[in-house]
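Visitor: I would like to go through this model with you. Could we begin with the terms and then move on to the ligand?

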Amino acid sequence: MSLLVVGSIGIDTIETPFGKAENVVGGSSIYISLASSYFAPPRLVGVAGDDFPKSAIELLKRKSVDMEGLEIIKGGKTFRWGGKYHLDFNVRDTLYTELNVFQSFNPKIPAAYKESEYVCLGNIDPVLQLRVLEQMTKPKLVVCDTMNFWIEGKLSELKKTLERIDVLLANDSEVKLLTKESNLFLAAKILRKMGPKILIIKKGEHGAILLTEKTTFITPAFPLESVFDPTGAGDSFAGGFIGWLAKTDDISDENLKRAVVYGSTIASFCVEKFSIDKLKELTHFEIETRYRAFRALTQFQE
Ligand code: AMP
């Protein structure tokens, strides 16, 4: 099934206790597209300046990402973000956010993309997320990610976007910020009233929770001995999740559970290297092997 991905295209500088990567490829749409490309060929809509590396564009094309929706602004500067992780990788400080070409971005969905059945709205300004949805014909499933930057800065706009989506992906601190409720299960009820009927609460190294009307499903994160750079883990999760759904075209609760495990699988690879370095070189064999290892992690005999 067809899959549309919209989100940021960025140049990141990342500091972790294990090292620093300066001016590396990032942005939510890049991680989501690469992650989902292992399941279904994504169509990307986003904006970059002409300082965005051509090699990254070529890489995405090689990974069957349709780039017709990529806008390159001549003389423009790509979105830039700097982040620093603490020893506890769940704690991240944003050092700077430079919107640059995003400031005047008005997403134009190419005619060929408008009928996409699966839509993944990566973390960008909620006003832009809504503009994307207004151009779509009738998507079957809309997944949306956001972050504290937008919850704190554009709450009323974000609430309008939430009314139009099916699945919200958010980490536990974002859920608390958005609902002012510290119990995640009570917060989920509040969120459901705001729009999305399916919620995925990401808990970093502690895994993820899927909540639908009838199902509560909890997965661990894959037990890794070396986590190098958590940047993009959430977006890779989103890409693996929606990629699997677009590939199988099945949004039953049972298949949503599989999608959550595929999301967790891809995210676990993402954090093993800086930036997109691991995500760009995965094989289907590696993905399937780790997916099965996830099952073994949670099975037990009565
Ligand atoms: P994640 O670690 O999954 O939250 O995603 C990290 C990516 O999000 C980085 O590559 C950043 O370039 C991008 N990012 C950070 N802040 C923002 C923002 N305010 N809007 C859009 N994208 C962002």
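Guide: Helices (H or I, at least four residues) and strands (E, at least two) are DSSP runs, numbered from the N terminus. The model is predicted, so local features need pLDDT of at least 70 and side-chain atom pairs count only at pLDDT 80 or more, while totals for chains, interfaces and linings use all residues. Residues are numbered from 1 along each chain as its sequence is written, and side-chain values use heavy atoms, with hydrogens and water left out.

Visitor: Where is arginine 80 found, and is it buried or exposed?

Guide: Arginine 80 is found in strand 6. This arginine counts as buried because its relative accessibility is 16%; buried means under 20% relative accessible area, exposed over 50%, and partly exposed in between (1.4 Å probe, protein chains only).

Visitor: With which side chain does arginine 80 make a polar contact?

Guide: The partner is the side chain of aspartate 51, at 2.8 Å. A polar contact is a pair of N or O atoms within 3.5 Å; within protein, one must be able to donate a hydrogen and the other to accept it, and residues adjacent in sequence count only if both atoms are side-chain atoms. Leaving aside residues up to four places away in sequence, arginine 80 also touches others, including Asn23 and Tyr96 (contact means heavy atoms within 4.5 Å).

Visitor: What about phi of asparagine 23?

Guide: Phi is near 50° there, a positive value in a residue other than glycine. Asparagine 23 is found in strand 3, residues 19–26.

Visitor: On to the ligand. Which residues come nearest?

Guide: Of the 18 residues around the ligand, Asp12, Gly27, Asn123, Gly232 and Asp235 come nearest; a residue is near a molecule if one of its heavy atoms lies within 4 Å of it.

Visitor: Which element gives the largest share of the shell?

Guide: Helix 8 does, with three residues.

Visitor: Which polar atoms lie by nitrogen atoms of the ligand?

Guide: A polar side-chain atom of serine 8 lies 2.8 Å from a ligand nitrogen, and one of tryptophan 150 lies 3.5 Å from a ligand nitrogen. The protein covers 94% of the 510 Å² of accessible area that the ligand has on its own (Shrake-Rupley method, 1.4 Å probe; for residues, only the protein chains shown count as cover).
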